[in-house]
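Here is a friendly walk through the charged and aromatic contacts of one model. Have the coordinates open as you read.

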Amino acid sequence: MIKKVCVYCASSDKISQSYFDGAAAIGQLLAEEKITTVYGGGSAGLMGRLADSALAHGGQVIGIIPHFMTEVEWQHNGLTELILVEDMHERKRMFLEDIDAVIALPGGTGTFEELLEVITLKRLGKFLQPIIIYNQNGYYDPMIAMFEKAIEEKFMGEQHRGIWTVIEEVADLIEAIEQAPKWDQSAIDYAKV
Ligand code: AMP
C-alpha cells in the first residue's frame, strides 16, 4: 500500500506549459489515490503546480523547506503541513523519512542533485524504496544515456539498473511504484561492479 511519496521537481516558472500540466496530473493522481505528497514546500514552478493540484483534488501535501527560503517567502502557504528545517541537508534527509517512493519530475540542478543523491543512497543500501523518473517529453533522455554509459564502462554494475524506473506517462506511475524491483541488502554488491 502506497501511503506517502516524495516528489522532486523544478522551481522554474519559465518552462513550457506542458511541464506544468504534467506536474498537475501527478498531483491529481496522488490525491485521487489518497497518497500524501511530500515535496520542497515551494510555491514556484512545478513545485507550486504539483501542490496546488494535489490540494485542489483533496490530497494531503507536506512541504519541507529551509528557513532561509521562508525569509524570502518562497514557501507555499496553503499546505496541509509546512515543516521548517535548518538547511538543505536536513531537508533532503527528511524528504526520505518514512516514504514509499521517490518521484523525479523534470527540473534543474536542484532536482538533479536530489535524484542523484537518492540513487547513490539506494546503491549503498541506505534507501530501499522505488525511485521513479518521469521522463516527460524525453527530458531525462541525456541523463538516462549517461547512466547507461556508466554501466557500459563499468562505473556501475548491470544490477544497478534496478535502482530506478523510467516512466513516460503519468498513468504508469502507480504500477511503476508497485512493480519496481525489490531492493534490499542482498541486492547490493559494493565491490564487484
Ligand atoms: P531546480 O530543480 O534547480 O529548480 O531546484 C529545485 C529545488 O531547488 C527545490 O527542491 C529546492 O531545493 C530548491 N529551490 C530552488 N528555488 C526554489 C524556490 N523558489 N522555492 C523553493 N525551493 C527552491
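Arg161 and Glu148 meet in a salt bridge, with their closest N and O atoms 2.8 Å apart. The term stands for a side-chain nitrogen of Lys or Arg within 4 Å of a carboxyl oxygen of Asp or Glu. Arg161 sits in the loop between helix 6 and strand 7 while Glu148 belongs to helix 6, so the pair ties together parts that are 13 residues apart in sequence. Arg161 also forms a salt bridge with Glu158, at 2.7 Å between the closest N and O atoms.

A word on the source: this is a predicted model, in which local features need pLDDT of at least 70, side-chain atom pairs count only at pLDDT 80 or more, and totals for chains, interfaces and linings use all residues. Residues are numbered from 1 along each chain as its sequence is written, and side-chain values use heavy atoms, leaving out hydrogens and water.

The structure holds 6 salt bridges. Another of them joins the side chains of Lys4 and Asp98 (3.8 Å, N to O). This pair links distant parts of the chain, 94 residues apart: Lys4 is in strand 1 (residues 4–8), and Asp98 is in the loop between helix 4 (88–95) and strand 5 (101–104). Lys92, Glu113 and Glu117 are linked in a salt-bridge network.

How covered are the partners? Buried means under 20% relative accessible area, exposed over 50%, and partly exposed in between (1.4 Å probe, protein chains only).

| Residue | Relative accessibility | Class |
|---|---|---|
| Arg161 | 33% | partly exposed |
| Glu148 | 30% | partly exposed |
| Glu158 | 54% | exposed |
| Lys4 | 22% | partly exposed |
| Asp98 | 65% | exposed |

Now to the rings: a search of the whole structure finds 6 aromatic pairs. Rings of Phe, Tyr and Trp (its six-membered ring) pair if their centres lie within 6.5 Å; planes under 30 degrees apart count as stacked, over 60 as edge-to-face and the rest as tilted. Phe147 and Trp164 have ring centres 4.6 Å apart and planes at 40°, so the pair is tilted. Phe147 lies in helix 6 and Trp164 in strand 7 (residues 164–167), so this contact ties together parts 17 residues apart in sequence. Both Phe147 and Trp164 are buried. Elsewhere, ring pairs link Tyr19, Phe112, Tyr139 and Tyr140 into a cluster.

Which backbone angle of Lys34 deserves a look? Lys34 has a positive phi of about 60° although it is not a glycine. Lys34 is in the loop between helix 1 (17–32) and strand 2 (36–39).

Conventions:
Helices (H or I, at least four residues) and strands (E, at least two) are DSSP runs, numbered from the N terminus.
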